[in-house]
Amino acid sequence: MPQLVAKGVTKRFGGLVAVRDLDLEIEPSSIVSVIGPNGAGKTTLFNCIAGWYKIDDGKIEFEGQAIDKLRRDQISRLGIARTYQNIRLFAGMSAIENVLVGQHHFLKTGWVGAVLRTPAVRVEEEKAHEEALRLLQFVGIRGHGRSQASELPYGDQRRLEIARALSTQPRLLLLDEPTAGMNPAETRKMTEFIRRLRDELGITILLIEHEMRVVMDISERITVLDYGEKIAEGTPREIQTNPRVIEAYLGRGAAQAGTTVSDATNEAAASEA
Amino acid sequence: MDDTRIRFGDVPWGAVIRVGLIGAAVAIFLCLVGIVPVFHTRPLIKDVISLGQTSVVLALLATGLVTARTADMRGTLSVLPGAVAGAIAGAGLTALVILGEVINVRAVFLNASPLLYGILTFGSGIAGSWIAIVIGAVLGAAGSVGARLPTSSRRPLTTFVLTLLMGGLFAGILRTAMLSTPLAGLGRLLFAPLGLTIVGAIVAVIAFVGASELFHYTRVRDRVNGMAPAQQRLVTWPLLAIAAFAVLMLPHALGPFVAQVIALVALYVLMGLGLNITLGLAGLLDLGFVAFFAVGAYTVALLTGTSEFGIADWPFWAAIPFAVLFAMVFGAILGLPILGIRGDYLAIATLGFGEIIRILAGSDLLSPWLGGPHGILNVPKPIAVQPTHFLAGPNQIYYIAIACAVLIAFVAWRLRGSRIGRAWLSIREDEDVAEALGVNLVQTKILAYVLGAGFAGLGGGIFASLVGSIFSSSIQLFVSINVVAIVVVGGMGSIPGAVLGALFLIGVPELFREFSEYRFLFYGAALILMMLYRPEGLMPTRFAAREVHLESQELGADTVVAAPTEST
């Protein structure tokens, strides 16, 4: 049974339809990518799943439970966590505090208990700190716990954002362009790391990514959006040769010439550079 | 500094003249609004310089300083722009004197009196009007040299100026404090009834500049920070004990007038710490703080009531918990509908609530119960004592307010380190992301709002007892603004910052009642300067300072003069 099911999801902004009648099914512990040209509605889709936007039509279910009417904190508690396209850490807090915020709803300390710092509270705080350190270790930035989040190097900030998302103990993790702005070596490390998240923790990964090498490398299934509609779905191999996808990326001529998606995006990257 | 000679034409004369003219405008403004003549009655150093003259001196020094920063010149001619700008500013004063002698401007500007001209020309009349130009040039040059100096020599100079200012302002109070002790002779030697004596000025400068330089060069701070925690405690605990002792002795040492002032300061410290939770930690800009202050004040007044409005004849101590409780209930009732509103809009909504409560309290509708504009009188003191008792007068309120402030600081500190404090900070930083991480926004915000309201109620209850009455006119918007300003000036979320903010914004103006006409002028100027040069507050929390300055550097590095941020 799929873990996440979206049926007929539609999100409008005024006259603009950002996501139109979208169906999506994600199996537990799989790695799924959402790709598409700029403005295709990928991040809108994430925002709909994570409760940032209320959808206008359709329904979204997570592990059999409807989530499209829930608040963000309720969705988080059900086991969906996310990261952001532009890193959104709590800049004025330390790295470890960022991770501790994610444990908020696992902790029970009330304000009276916090003021009195009862033995139970102390034990709970210690456990929370240990867990936070473990997560920092897992993402590879242990030792930076006391640094201010905004002063970490860029790559570490991305890792910290993932550690913070993991601290909510998600079973589905939405990663919005996790390798954006990284050099090839960093990108390779991040790709390995995403695979580890799934292999070691069993977390389902839903990924928005522009770097086609990453997408083709780690995805088990790929969903392609264009103008808010799903135009293709399948394994990386199927997507690479799908004429509609190539057309969306490069136009009709390229589709007839028999290029693949990887070639197309790599060319685009080369011309940008 | 490199030795390349700059040519005369390289100086950006346009900018220099502009700064000079602004300096002239500021100096003339200081004269015409009356700051110079009024403050001339109060010496900074007896028989040497008055506060009024000091204000002009500071304006001219600042002209030179700003010139040096604007026209960034190096080499031997580098003092020239400062001197020219200072001379232009001085020339403004000269022009004022000459104009005043030729035509009578007094009909328009009340303060343009012979007294003012006497101050500006050192009593020599129009013949001495050129003196201002010379002094302007000298001070402008000095200011521009000061701006150019390396930190190691600028620091003692800054300490020098601050020591003289503080010493001169507080001399009278210190003298009064010392006269009743065995140190009376020393007090008479160092301090005149108003201002420092010459000996006092020299001693104060040597002591403070020496101490600050010693503190810096022996690297005391680094050494203490480098110690093991157990050793650090050996240093910090005795210091804390001394500070606590000083705080307890303060009202006795400084006499009844100052005791009254510091009781008020302590009350505002308490409220500042309360709002620090709402605004400093959770980032909720609450401009209706006075509403909960009013609830607390009226609760205490009614419950302890010895007047016609009293509904129960309770002692203060029984009434205070109810003041806090009712304020919290009010906080919850008012907070629930509006906490979904963000940022500026929340400020407007809470502002409205503050006004509603103020108008209600003074209305005919509630006057049978609250006394309307005539208020409730005869609110008893917490502890009834003989007038000679050491708790008599405002002292007991001072001690109660200090004790409550310590309690609130403790609560804030414990909460800050807990799950709840982290949730508040995360909401302050980015409430959308905080919610996506599982933080329930409504619950978390309400808790911050209700706690802040409770502490405001506590402050109001103590206020009613301090003043002995409560009127609808005591519930001014200005109370809310004062408390917000304390938190912002002190540093958002910082506990020592709230103390410093209250001392600075409440204590200093109260001590200089004779200049109360200028209170808001200084208040406004101080806030503007704070926001320009030290937006993170006087005593920012560990990360806030760096954050604010990083942000402003990104916005435009040249618009912000870096403030010292080593005191994190």
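Predicted model: local features only at pLDDT ≥ 70, side-chain atom pairs only at ≥ 80, totals over all residues.
## Ground rules

Local features here need pLDDT of at least 70 and side-chain atom pairs count only at pLDDT 80 or more, while totals for chains, interfaces and linings use all residues. Residues are numbered from 1 along each chain as its sequence is written, and chains are lettered from A and ligands numbered from 1 in the order in which they are written.

## The sheet in chain A

Start with chain A, where 6 strands make an open sheet with mixed pairing, in the order β6-β7-β8-β3-β9-β10. Strands (E, at least two residues) and helices (H or I, at least four) are DSSP runs numbered from the N terminus, and two strands pair if DSSP finds at least two bridges between them. The edges belong to β6 (80–82) and β10 (229–234) of chain A, each with a single partner strand, so one side of each has no neighbour in the sheet. From one strand to the next, the twist averages 20°; axes are lines fitted to C-alpha atoms, for helices over the stretch in contact, with angles from 0 to 180 degrees between N-to-C directions.

Strands β3 (residues 31–35) and β9 (residues 221–226) of chain A run parallel and share 4 bridges, with A:V32 partnered by A:R221. On to β10(A): it runs antiparallel to β9(A), with 5 bridges between them, and A:D226 has A:E229 as its bridge partner. That hairpin has 2 residues between its strands, and A:Y227 takes a positive phi near 50° there. Helix α1 (residues 42–49) of chain A lies across β3, β6, β7 (172–176), β8 (204–208) and β9 of chain A, at about 150° to β7(A).

Leaving out residues up to four places away in sequence, A:I80 touches A:I49, A:A50, A:F62, A:I75, A:P170, A:L172 and A:L174 (contact means C-beta atoms, placed from the backbone, within 7 Å). A:I80 and A:L173 are 93 residues apart in sequence, yet 5.9 Å apart in space, C-alpha to C-alpha.

## Two loop residues with positive phi

Most residues other than glycine have a negative phi. A:E63, in the loop between β4 (57–62) and β5 (65–66) of chain A, has a positive phi near 50°. A:R117, in the loop between α4 and α5 (119–139) of chain A, has a positive phi near 45°. A:E63 is partly exposed, with 16 other C-beta atoms within 10 Å, and A:R117 also counts as partly exposed, with 14.

Chain B splits into domain 1 (12–148) and domain 2 (231–533), with bounds from an automatic or database domain assignment. Their C-alpha centres lie 41 Å apart.

## Where the chains meet

Chain A puts 28 residues in contact with 25 of chain B. Helices α2 (72–78), α3 (95–102) and α4 (111–116) of chain A each supply at least two residues of the chain A side.

Conventions
Contact = placed C-beta atoms within 7 Å. Buried ≥ 20, exposed ≤ 12 C-beta atoms within 10 Å, placed from the backbone.
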